[in-house]
Amino acid sequence: MIHSLTSSTDSLYVTPKSWLQKLHIDGWLLLGLVLLLSTSLLTVFSASGGDWHTTQQHGFRILFALGLMLAVAQISPSNLALITPWAFLIGLLMLVAVLLFGDMGKGAQRWLDFGFVRFQPSELMKLALPMMVAWLFAYSDFPAPASRFIMGLVIVAVTASLIVVQPDLGTSILIAMSGLFVIFFAGLPWKIIIGALAALAVSMPIAWNFMHAYQKQRVLTFMNPESDPLGSGYHIIQSKIAIGSGGIDGKGFMGSTQAHLEFLPESTTDFIFSVFAEEFGLIGVAVLLSLYSFVLIRGLMIAYFAQNNFSRLVAGSFTMTLFIYITVNIGMVSGLLPVVGLPLPLVSYGGSSMVTLMISFGILMSIHTHKKMLTD
Amino acid sequence: MNNLTFDETQSRIRQKAMFTNRLLFAGLIVFAVFCLFMARMAYLQWFNHEEYLGLSEGNRISVEPLAPERGKIYDRNGVILVDNQPVYSLSFMRESIYDIDYTINAIQELLPSIRPETLAQFKTRLKRTPRHRAIILPYTLDESEAARFAVNSYRFSGIALNARLKRVYTQNKSAVHLLGYVGRISQQDNLSIDRSRYRGTDIVGKTGIEHFYEDKLQGYPGLQRIETNAQGRTIRSLETIPPTSGENLTLTIDIRLQKYLENLFEGRRGAAVAIDPENGEILAFVSSPMYNPNLFVDGISHTNYNSLLHDRNKPLINRASRGQYPPGSTTKPFIGLGALEQGFTTMSESIFDPGYFEYQNRRYRNWRRDGHGWADLKRSIVESVDTYYYKLSLDMGIDSIHDILAPFGFGSQTGVDIPGEANGILPSQAWKMATYGKAWFRGETIISSIGQGFNLATPLQLAKAASILANRGRIINPHALKGQSHESPEQIPIKNREHWEYIIDAMTDAVHTPRGTAWSSGRHITGYKIAGKTGTAQVFSLNDGEYNEEELDKRLHDHSLFIGFGPVTRPKIAISVIVENAGGGSRVAAPLALQAMNHYIKELQ
């Protein structure tokens, strides 16, 4: 089992090791991340109205997350594969625990309080679920038997259901997507993918009936934000005003009147893109999207060069999950998608999602830098 | 890797190819979505930039008008008559109120003098109000209540204490018909005012001085450009142009004399105007009954307004400048003077009064049934001999009488700085033709000669006429605002100065000699002399029937009139008094006027 996991055709290529590789750091990915995190630090400073305390906290968290990323990068993909089923099992148990004794926060049970730390099990699942699904396919023949796909779908469905009842629709969709990406990269036939998408479109009206009133409201508001300009449509309208008023070159650093005058809600978290777009304009947005593209392309390259099935599925899924994050957030604040309450990855102020993302980059780095060691 | 079979290797190659395809597909999706985002951003930030910039500016900057303080009004001695006092109200922002029921209860506890109904109604309104809009509790807090709220304000998020200046008529009812009042700007007001001067203000002068000097009293609003946040809370002020306060006005009236006269009118209907004949300054301007202008400031209630409107005594009417009364015998000195000057009579000529005058088979009665016997012009004034004027007027004709009375201001507006002045009526042949299309009858001249018939005058006109007489023909224009030059030093041409002194002597005798019609009250005046003339204006004429007060409705009783000035040698005050349905002038109007003048000359000078 371990044998087949570590064997790879890629190990034929041997290149001299640089100091970055010895530290299991991918220089390109690190460059992209550092640039994005610097942007984040500046934007959080501005969006918080120049609040040093907030910015400092954010800075410390970034440093912590970078450190964590580097630490995780030291763990070889084979060891990660070893702990994956256990991590997933623990995650699953904690999700059940949340339902039974979870803390209430903003009307939803999402946290487990261990006394010394409050932990959100869904964060663990963001990593554990795609890895678990990848683990399923790691030892399979190609093409994988239907039973593997079915098992993968069941795992995704169970996990997503446990999160959606917390209720946390946004995270639930995101986690489901990360699992589905693995299944997609594992070679789920196109016929089934297209068929499933068609079935999904048909089942939308049924799903509608199971949605919470506030979720329905969000969708309705998305369809026509101006229908409730002072209620749930307010955020979208103000966000569009922020973005649009930025123009081509923006209002300048610290120049976001929409955020500083409290028209934008959650300006340091969910709506930080609007602040950024208001201050740095279309040019700034182009630069930010370029940075994201750079990281995404690097992620896809790591997946392409990965040595085994587990690694490439995990790398592909993590990269595309980052993409979904970006898409949902920017789509939401620019009025293209309903408001679901997800932060802008790597830029928004906020702890757990940043840490989770950086761990996933650590895993990407591990995948990319451990190949050569296997050839020694 | 040598341990891989061929099939295994083939399978791995196919798998890698499939994976590469899917990666490329994913990359394409990423590319497509990012292109979509750039297109969306270009749409928002490039093509619709102007619109959104406008919206964001609208969010951010609001221009708030700063209302100017309205000018205050003082009397001639600097006593404040109209003031602005800070009053407080509470505005509620529904969005920031956590529990409406709890909040309303807490407010009730803190400010127990708010009526529970008011609060209950307000609560319903509050619950229906859009979340972002502030609404104001319809209750005015006094200073101590405001202080109590301020101390407890930490308990009430979403409730703000607002201060504004409220117009306060410090003398309450006193001088209301002169001062007027302010009220909410109505649709009608909007047509006559420059709306831009009333930004931040919702009151405007409605009547009286408040209306006439609106342009002076209303200042110019300032403005404040402020940055606000989404809750409409002020973040900082960007620019402030301070308002320009309205001009403070000092009036010519003496509030002490005003109140003294008003007290004398207590329980009566009528009017009095006192003027300083020297310069036309109005010293008192009384119309009775009065009402409290403070009722109108914040908008008068229907109940209050209806009770004022339907009051039988019509307190809302400004009798002093709008009330038109037959001047009665008060015209006698003027006609007598004109007759002397124009040679229709002499100072020595006498007529015999049997108690009536006959013309074309009609008897025109004298007020004294048994007649005065032989009477000259002086006696005709002292004792108010009607018959003298009946005869004289036939010699003169209505047009001569008109021409004599016109320069004294009868029949035309005085031009006083109080709105809504009536014209009065000074008839002439031309006037009757123009008004009724009919020729003048000589019989009408006879009743005109004693200020009856068509003749109507306002108390203000009578006071002006008395002032001109006191000035020996120098015309003054009555006015209520001090410090303005209203003078047009016109003079009624004098042929013989003795004629004027003769008439004034006669009026002095009317007050100071036992036969005089004003003797009963005039005898109490010592140290100086007052000239006066009583009048009785018939409201209802019973042609040949017997005049019986008891049988007549009180409303049909004669009006009691008096005009006068004093001291005769150097007049300080001229006055006209009309008391409605009070009977003969000597009975009510004369004592009232003389008492007021005596008080003014002796106590207030």
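Ring pairs tie Phe184(A), Phe185(A), Trp190(A), Phe19(B) and Phe25(B) together into a cluster, and that cluster has members from chain A and chain B. This is a predicted model, so read everything below as computed from it. Between chain A and chain B, about 4,600 Å² of area is buried, yet the count of salt bridges between them is zero.

**Aromatic rings**

- Over all chains, the structure has 33 aromatic pairs.
- One of them is Phe184(A) with Trp190(A), an edge-to-face pair with 5.6 Å from centre to centre and 75 degrees between the planes.
- Why edge-to-face? The angle between the planes is 75 degrees, and a pair gets that label because its planes are over 60 degrees apart.

**Where chain A meets chain B**

- On contacts, 57 residues of chain A touch 42 residues of chain B.
- Carbon and sulfur atoms give 70% of the roughly 4,600 Å² buried between the two chains (the value is "about 4,600 Å²").
- On the chain A side, the elements that give two or more residues are helix H8 (169-185), helix H9 (190-210), helix H11 (234-246), helix H12 (257-260), helix H13 (272-305) and helix H14 (309-333).
- H13(A) gives the most to that side, with 13 residues.
- By residue type, the chain A side divides into 35 nonpolar, 18 polar and four charged residues.

**Salt bridges**

- The whole structure, over all chains, holds 32 salt bridges.
- In chain B, Lys72(B) and Asp83(B) form one through their side chains, at 3.6 Å from N to O. Lys72(B) is in the loop between strand S1 (61-66) and strand S2 (73-74) of chain B and Asp83(B) is in strand S3 (residues 80-93), so the pair ties together parts 11 residues apart in sequence.
- Lys72(B) is partly exposed at 22% relative accessibility, while Asp83(B) is buried at 15%.
- Asp298(B) and Lys166(B) make another salt bridge, with their closest N and O atoms 3.3 Å apart. Asp298(B) lies in the loop between helix H11 (294-297) and helix H12 (302-309) of chain B and Lys166(B) in strand S5 (residues 159-169), so this bridge ties together parts that are 132 residues apart in sequence.
- Asp298(B) counts as partly exposed, at 24% relative accessibility.
- For Glu444(B) and Lys432(B), the closest N and O atoms of the salt bridge are 2.9 Å apart. Glu444(B) belongs to helix H18 (residues 442-448) of chain B and Lys432(B) to helix H17 (residues 429-436) of chain B, 12 residues apart.
- Buried or exposed? Both Glu444(B) and Lys432(B) are buried.
- Arg368(B), Asp370(B), Arg379(B), Glu383(B) and Arg515(B) are joined into one network by salt bridges that share partners.

**One exposed isoleucine in chain A**

- Ile150(A) is part of helix H7 (residues 146-164) of chain A.
- Ile150(A) is exposed at a relative accessible area of 53%, because exposed starts over 50%.
- Between Ile150(A) and Ile183(A), the C-alpha atoms are 9.7 Å apart, with 33 residues separating them along the chain.

**The two chains overall**

- Chain A contains 16 helices and three strands, and chain B contains 22 helices and 19 strands.
- In chain A, 56% of the 376 residues are buried; in chain B, 52% of the 605 residues count as buried.
- For contacts in chain A with a separation of 6 or more, residues 24 or more positions apart account for 72%.
- In chain B, 70% of the contacts between residues at least 6 apart in sequence join residues at least 24 apart.

Note on methods
Residues are numbered from 1 along each chain as its sequence is written. Chains are lettered from A and ligands numbered from 1 in the order in which they are written. This is a predicted model: local features need pLDDT of at least 70, side-chain atom pairs count only at pLDDT 80 or more; totals for chains, interfaces and linings use all residues. Side-chain values use heavy atoms; hydrogens and water are left out. Helices (H or I, at least four residues) and strands (E, at least two) are DSSP runs, numbered from the N terminus. Buried means under 20% relative accessible area, exposed over 50%, partly exposed in between (1.4 Å probe, protein chains only). A salt bridge is a side-chain nitrogen of Lys or Arg within 4 Å of a carboxyl oxygen of Asp or Glu. Contact means heavy atoms within 4.5 Å. Buried area is the accessible area (1.4 Å probe) that two parts lose on being put together, summed over both. Ala, Val, Leu, Ile, Met, Phe, Trp, Tyr, Cys and Pro count as nonpolar, Asp, Glu, Lys and Arg as charged, and the others, Gly among them, as polar. Rings of Phe, Tyr and Trp (its six-membered ring) pair if their centres lie within 6.5 Å; planes under 30 degrees apart count as stacked, over 60 as edge-to-face and the rest as tilted.
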